Structure formats: C-alpha cells, structure tokens
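Thanks for coming. I will go through one structure, a few places at a time, and keep to what can be computed from the coordinates.

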Amino acid sequence: MEGADIYHSSKLEDFISTGKVDEIIIAAPSLSNARKAELIEMALAKNVKVSQLPPATQWIGGELSIRQIRDIKIEDLLGRETITLDNSEIFNQVKNKVVLVTGAAGSIGSELVRQLVSYSPSKIIMLDQAETPLFELENEISEINHSRVACEAVIGDVSQLDRMRRMMDYFHPQLIFHAAAYKHVPLMESNPSEAVLVNVRGTKNLADLAVEFDVEKFVLISTDKAVNPTSVMGSTKRVAEIYVQSLNKDAKTKFITTRFGNVLGSNGSVIPTFKKQIEAGGPITVTHESMTRFFMTIPEAVNLVLQAGAMGKGGEIFAFDMGESVKIIDLARNMIKLSGLEEGKDIEIKITGLRPGEKLFEEVLSDKENSLPTPHPKILIAKVREYAFQEISQEINELIQYFDQQNNELIVSKLKSIIPEYISNNSEFQKLDH
C-alpha cells in the first residue's frame, strides 16, 4: 500500500511488545523454517495470532484470495529445513518396478504409496489387513493417480504365511517396503503375543518370501524405540531388525532397515490426540513434565525412507537425523496458543504419569552403537551388533512358537534373552530383569 511504513524484522519484537499487534501474517516465501519458527514462538509468547500466505505460485489466477491465508500449524514450529533428495537415484530404483507396500493403509504406508506413484513404478501393491482405511486409500490414489500407475489393494495379514506366499507368487514384487507393524507401546505391553505375531513373525514371513521370490530390495520400517528398548513393542521391532540384517549376509535380496522417531499427525500420535482434547475443551493429558520426543513430518520421514532404500547396498540400519528433541508439555502449550486459548483459563494440562513401557527420552542410536555418515546429511548408518543367522534364526523361531502358549511372561523372557539391552520401564515385566 502507498504510504505504508516498512520496518526490518528485527523491529518485530518491539512492535509486538506494544500490545497493539493482534495478528502477524508471514508473507516471505524465502524465510527459512528455523527463522519462521523463531518468529512464531515470539508471537505466541505475546498471545499474538500468526497466519501465513501461500507461495505466489498457488495464488488463484495470479491474485491472492483472503481465503488462502491459513493459520499456522504446529508443524511450522519444528523449524526443520526442506530435505534435498537425489530424485534420480530413487527414480532409477523404482521406475518400471513392481513395488509392494505392507501396512499401506497406515500413516507411513499410505504416504509411501502417494510418493511412489510419482516415480513411475509399473505397479504398486497396497497390502493391509484394515479393510476400511485401505478402501479409502484406494479411492484417494485413484483420484490423484489418474491411471498413470497400476495400483492394486490387497487385504491380507502379514502373519499369515500362506496368504503372503499366494500374494508374492501372483504379483512377484521387485521392491518391498515393509511398514506393517503394531506400534502403540502401552497396547503391546498388554498384548505381547500379538506384538510377536505381527512385528516378528510378520516380518520373518515377508523377509523369507522376499528371498524365495528373488525380490531385489526389502526395506524394513523400524523405530527409535528399538534402540535400548524398554517396551515389548520396541523389543519386537529390534528382533525384526536383527532378523533381516542377519538374513542379508547370504541372500541375493538386499535387506535395509530405516529407523526414525515420531511422525507428526500419524494415527494415534500425540498431535491428533491433543487436537481432539482441545476441541473437547480439555484437559490435555501429558504423561510427564520432562518427557521429550523427536519429531518429523510424515512426508519428510517417507522421503528419507525412499532415499535410504535407494542408496542401501544391503545389511545397513539407517538412522535419520531427527533434529532437536521437543518437550511434549511445550508442544501442548504451543498447540493451546495456536488454538487461540489460554492455559489455566480456557483449558488445563493434566500430568497423568508414564504409561507402561514408555521412556522419558527417546534415542536413535544406542550407547554401544557408532554411526557412519552417508552422502545424505540427514541419513546415518548405525553400527550395531551383528548376529549369525543360524543361531539367531533358531532363537527367533522359538520366540514365535511361544505365541501358541499365550504366556506373556514366557514371551517377554525370551525377548529379553535375545536382546540383553531390553530393560522394561514402568511395566509389570520389570520383575523379569536381572
């Protein structure tokens, strides 16, 4: 506007402090994510609303619509910079290949499907046992894909070997992204046999079939909870890592593992939970004032999975640079402010105590592990203890056989035998630690 005064952003805090600013609109497309997060934090501290303009390329007919101004989301506070990918490497691996995604209806699996479509595979097999979410994904992909890539939805449970063999024999996938898993720590603490059934036997089934059907690459989606596990869930994912890494040594199939922390907005994660609690008027429940977690967005995590899968030579466990850890209680407070509410006045935060198996702080590399750099600055190779396949295969088979007995203590004792660093936390299974 003509006659409008223009000031440097260094003056922003002074303007906010006057109490005369009601809203800040961020309009600079070149602003770094870190600087944007800094400005948002500054505004929220003074209870000033923050909004953001879309880039000019998204303006309708070259003109900005007021309706396009969006509120700042909690993801904008992460301050993480955009990832630079070697798209050519991913494209060369995926183009004209038959790709199987297990757990395709889940948060990570569905994003894998969305991103894989752009790399021109010949077919994507979307496997999940959850009927309705898979049906919804199939409809979504058909709308954005416009028949460019053949996508087929398959209902199946990875723990059922006969069903998996039939699928493998019919489709003969060349690449497998194995995202199917049980992931909720407290639930798996109460249901160890199911955690073993899906996370261990399900992974073993797919990995063995990958070898049998000459799959080129198998990428296991793992978790930071597999590092120095304190829970049944984390320990079963560590066993899955051990199995595919040991299987890699004598197989033509290249087995690769990717580890990362929490993803923002995933099903059942803290952000959607907080949003629901805020919409309901509270309270927001936080398990511990000191609890911290690493976060990245779902698209970012999947970008790195694809990059790690493309660069993997077989046998690696790739750990992602998760940035700085975030205090969960600070996350809750910022979400309250972003909602235009005031803690203690409009909504309360309630401390509920650690749930069974939970850690206060997550790790990506264990104390006994070192890491090696890769060509990608956000991807490291974890150096972990390696296991002889014949020895560990026998141990894992015994663990799987314990499912039939439905004896939780027997199952968890076996997990602790396989993984000596597995020490239970806030769990009934602490009595099994020595």
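A polar contact here is a pair of N or O atoms within 3.5 Å; within protein, one must be able to donate a hydrogen and the other to accept it, and residues adjacent in sequence count only if both atoms are side-chain atoms. This is a predicted model, where local features need pLDDT of at least 70, side-chain atom pairs count only at pLDDT 80 or more, and totals for chains, interfaces and linings use all residues. Residues are numbered from 1 along each chain as its sequence is written, and side-chain values use heavy atoms, with hydrogens and water left out.

Start with asparagine 199. Its side chain reaches the backbone nitrogen of tyrosine 182 at 2.8 Å. Asparagine 199 sits in helix α8, residues 192-212; helices (H or I, at least four residues) and strands (E, at least two) are DSSP runs, numbered from the N terminus. Is asparagine 199 buried or exposed? Asparagine 199 counts as buried because its relative accessibility is 1%, where buried means under 20% relative accessible area, exposed over 50%, and partly exposed in between, with a 1.4 Å probe and protein chains only. Contact means heavy atoms within 4.5 Å. Beyond its neighbours within four places in sequence, asparagine 199 has contacts that include Met233, Thr236, Lys237 and Ala240.

Staying with α8, how does it meet α14? The axes of α8 and helix α14, residues 408-418, come within 8 Å and cross at roughly 50°. Axes are lines fitted to C-alpha atoms, for helices over the stretch in contact, and angles run from 0 to 180 degrees between N-to-C directions. Angles under 35 degrees count as roughly parallel, over 145 as roughly antiparallel, 65 to 115 as roughly perpendicular and the rest as oblique. The pair α8 and α14 is therefore oblique. On the α8 side, Pro192, Ser193 and Val196 take part, meeting Asn408, Ile411, Val412 and Leu415 of α14.

Next, helix α6, residues 161-171. Its buried residues include Met164, Met167, Met168 and Phe171. Viewed down the axis of α6, the buried residues fall within an arc of 95°, so they line one face of the helix; the arc is that of the directions from the helix axis to the C-beta atoms. What do they pack against? The partners are β4 (98-102), β5 (123-128), β6 (150-155), β7 (175-178) and α8. Turned away from that buried side are the exposed residues Asp162, Arg166 and Tyr170.

Just after α6 comes histidine 172, with a positive phi of about 50°, although it is not a glycine. Histidine 172 lies in the loop between α6 and β7, and it counts as partly exposed because its relative accessibility is 39%.

Now the loop between β8 (217-221) and α9 (232-248), where threonine 230 is located. A polar atom of the threonine 230 side chain lies 3.0 Å from the backbone oxygen of glycine 357. Threonine 230 is buried, at a relative accessible area of 13%. Asparagine 228 belongs to that loop between β8 and α9 as well, and it has a positive phi of about 45° without being a glycine.

Proline 283 is in the loop between α10 (270-279) and β11 (284-286).

Finally, the totals. The protein has 14 helices and 18 strands, and 50% of its 434 residues count as buried.
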